[in-house]
Amino acid sequence: MLSWILITCLSQVAVQSQYYSETLPYHPRPVKVTNLHFFMHEFTGITAVQVAQVNITSNDNNSSVPFAPLVAVNDPLRTGPEPDSEVIGNVQGIALLAGMNASSTQYIDFGFNTGKFNGSSLSVFSRGEPGLAVVGGRGRFMMATGVALFNPILINATNVIIKFNVTVIHY
């Protein structure tokens with residue numbers, strides 16, 4: 001008798017919890033194109049830190065494919081290449097160097113915390129040459145696509161400054 005009650009209760013739960021959706025008309029918003037220009041300032045060991053590394057080298061496994069460390073970044077975004085230029089946000093993400101031509105695969109998020117785009121961000125996931133693919137965003141950049149072209153301004157043992165020109169298509 002107890003098993004019969006249990007089976008009856010379970011069958012009622014399945015009937016009352018069916019999937020439900022309602023079709024709504026589609027009203028597209030106008031497409032916007034935004035061009036952004038900013039500089040990423042990276043300080044090795046401070047804003048870019050190695051978090052993992054393989055335990056073999058390319059010579060150990062008879063492979064010609066180089067592998068390098070996985071690096072986590074949290075770099076400031078600035079309006080100019082000068083170290084004291086205004087901070088407009090930050091870049092957070094990871095980068096991995098791997099492959100025959102030592103290309104970098106990156107997932108980074110450009111987060112803005114001042115001005116017109118305060119609280120918005122752009123998500124980038126791509127190989128690093130010659131530009132990065134914009135694959136999404138939040139805030140004012142919802143459903144963003146586009147490209148983030150970059151040009152290294154300074155690269156040395158402790159500092160990297162990269163100029164970004166980003167074209168974003170969003171709604």
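Trainee: Is T158 buried, partly exposed or exposed in this predicted model?
Mentor: The relative accessible area of T158 is 46%. Buried would need a value under 20%, and exposed one over 50%. T158 therefore counts as partly exposed.

Trainee: Which residues does T158 contact, leaving aside neighbours within four places in sequence?
Mentor: T158 sits in the loop between β8 (145-155) and β9. Contact here means heavy atoms within 4.5 Å. With its sequence neighbours left aside, T158 is in contact with E42, F43 and T44.

Trainee: How far apart in space are T158 and I46, C-alpha to C-alpha?
Mentor: Along the sequence, 112 residues separate T158 and I46. In space, their C-alpha to C-alpha distance is 9.2 Å.

Trainee: Is H170 buried or exposed?
Mentor: H170 belongs to strand β9 (residues 159-170). The cut-off for buried is under 20% relative accessible area. H170 has 3%, so the residue is buried.

Trainee: Which side chain makes a polar contact with the side chain of H170?
Mentor: A polar contact needs N or O atoms within 3.5 Å. The side chain of H170 also reaches a backbone atom, the oxygen of R140, at 3.0 Å. The side-chain partner, at 2.6 Å, is T34.

Trainee: What separation is found between the C-alpha atoms of A98 and A68?
Mentor: A98 is placed in strand β4 (residues 87-98) and is partly exposed, with a relative accessible area of 22%. A68 is 30 residues from A98 along the chain. Their C-alpha atoms are separated by 6.3 Å.

Methods
Residues numbered from 1 in each chain as written. Predicted model: local features only at pLDDT ≥ 70, side-chain atom pairs only at ≥ 80, totals over all residues. Heavy atoms only, no water. Helix = DSSP H or I, 4+ residues; strand = E, 2+ residues; numbered from the N terminus. Buried < 20%, exposed > 50% of the residue type's maximum accessible area, 1.4 Å probe, protein only. Polar contact = N/O pair within 3.5 Å; in protein donor to acceptor, adjacent residues only side chain to side chain.
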